[in-house]
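Please go through the charged contacts and aromatic pairs of this protein. A brief report is wanted.

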Amino acid sequence: MQNIINTVKKKIALIYCRVSSERQVKDGNGLDSQEKRCRDYATQKGYVISEVFRDEGISGGKADRPAIAELIDYIDDHPLEDIVVIFDDLSRLARDVAVYIQLTKALKSRGVTIECLNFNFDDSPEGEYAELIMASSNQLFRKQNKRQVIQKQKSRLEDGYWPFCNPPAFKFVKDREKGRGKILVYNEPITKIHKSAFEQYDADILNTYDEVRDYVRSEYKKQGVNKLFGRNGAIYMLSNVLYCGDIAYKPWGVERRKGKHKGFISVEMFERVQLKMKGRAKAKARKDYSLDFALRRFATCSQCGEFLTGSFSKGEHGKLYPHYWCKTEGCPLRYTTIRNGDIDTSFENILTKAKPKKTVLELTHEVLQRCWNNKIKAHELTHASTIKELAQVSKQIDGYMARLGNTQNEDLVTMYEETLTNLVKAKKDLSGKIGVNPYTEKSLGTATNKVFKAIENPLGMWKTDSIEDKRTVLGMFFEGKLPYDMKNGFGTPKFSDGYNVIKSLESSKGSLVEMAGIEPTS
């Protein structure tokens, strides 16, 4: 009977362990050694060990942790038990003063005892003071350690090495050649799949994030790659500068630079893709471009806003008929076909009405010539000012060089050297501004001939067999997408700012010729 009573009176021990890094979790030493020490302590004290709660790879600066939540739930589920919570160091419970106070308060308010292998709790004012000092020291150590980690990682970033988690198309290997830790290398077959997705998005074969997602998923399946890839994954992939061999991390002020790893797409392709993602990419011919579908990548579905695609359907006698149709999943007009002739007719009606009057064309020529002449004058003034400033800087450099050679005073030598460094940099910058005049009659003709050809006869240029001519018309006259409605056609499209300015001349010829900015105001 006495043995039974003694067993009932024994304290129930709950052991809490925590490590903050994934490396410690994988190695197992941190958590296992903590648990062993706490078990030995509990056994020595005669406690009955009930549960062990382990937070793996979680910062001590956070209060919201899975194992802590489970520990408190256990306490709440066993209100009649005499419980003692054991951990081997105060830093295991928390490395933040506010978090430490929050957790200890939560435990003590539930009537449990807290015991630490490396610290003796004391309810006296002096004991509480010492406890908070220890908690503050742990917080200081955590923040100092975080600062050191950031400094090291920032240094690696500045040297061109990626210090964070590797993106899917890369893996880490030890950089044996440079001896600077790990470096990114290709992770096949994912690299090949992502490279192909990039190329197809750049070539307008894939045009939406959903299409990129679906393509990558299908290729993953073919290659046996067991990885998730969603729409956000497509956006992350297409905007990841690591893929073109560069590196950047703006939150730490590390601007874009060449990385030590090798990219698998060109910088030029990456930049084109960024413009396309922002909706500012210049129109270009698709690899599967056909004059039968000249409005592909411009005409959009009026219901979902996605681009219409084009294809041929076979008639009764085997004749092929071109159609546009929406292929967007979930759109009510999906697979509804539109005759090519209907779209072409609606678009040509817009171009017929878009042609400006002859007087406006003449006025546009005049305004452009005046603007061009003003640019020539401004360039000449800037050029002359730059040459004069360059001569002054060169004279200053000669003067300081002479002074530097005639002084023995170390303070003056240092001051002269700093001044010379700034002057040499200024001279280099000024020299770079002196170049060939870009505003010549020849360059004016080159820049305007094709533009005015399109303005004077947009429908005529559109009806040529030149893909470039068609793209010129679309780029000059329209602002982005052209929504097409099954009943009303293109309706009133959104014209480009440049075209709107030209059209505005029809109602304000006199005022615009003399407007401020065309000629210098007096």
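The report below covers salt bridges, a charged surface patch and aromatic rings.

This is a predicted model, in which local features need pLDDT of at least 70, side-chain atom pairs count only at pLDDT 80 or more, and totals for chains, interfaces and linings use all residues. Residues are numbered from 1 along each chain as its sequence is written, and side-chain values use heavy atoms, with hydrogens and water left out.

**Salt bridges**

The structure holds 19 salt bridges (a side-chain nitrogen of Lys or Arg within 4 Å of a carboxyl oxygen of Asp or Glu).

Helices (H or I, at least four residues) and strands (E, at least two) are DSSP runs, numbered from the N terminus. Asp-32 is partly exposed at 43% relative accessible area, and Arg-54 is partly exposed at 28%. Buried means under 20% relative accessible area, exposed over 50%, and partly exposed in between (1.4 Å probe, protein chains only). Both residues also belong to a salt-bridge network with Glu-35 and Arg-39.

Arg-37 lies in helix α3 and Asp-88 in the loop between β3 (83–87) and α5 (90–93), so the pair ties together parts 51 residues apart in sequence. Arg-37 is partly exposed at 38%, whereas Asp-88 is buried at 4%.

**Negative patch**

Asp-122, Asp-123, Glu-126 and Glu-128 form a negative surface patch. Patch residues have over 30% relative accessible area and no salt bridge, and like charges are joined within 9 Å. Asp-122 lies in the loop between β4 (113–116) and α7 (125–158). Its relative accessibility is 38%, so Asp-122 counts as partly exposed.

**Aromatic rings**

Rings of Phe, Tyr and Trp (its six-membered ring) pair if their centres lie within 6.5 Å; planes under 30 degrees apart count as stacked, over 60 as edge-to-face and the rest as tilted. The count comes to 22 aromatic pairs. Phe-119 and Phe-121 have ring centres 5.4 Å apart and planes at 80°, so the pair is edge-to-face. Phe-119 is buried at 14%; Phe-121 is partly exposed at 25%. Tyr-249 and Trp-252 also form an edge-to-face pair, with 5.0 Å between centres and 80° between planes.

Technical notes
Patch = residues over 30% accessible without salt bridge, like charges linked within 9 Å, V, L, I, M, F, W, Y side chains within 5 Å. Areas by Shrake-Rupley, 256 points an atom, 1.4 Å probe, with all protein chains shown as cover. Lys, Arg positive; Asp, Glu negative; His and termini not counted. Charge placed at Lys NZ, Arg CZ, Asp CG, Glu CD.
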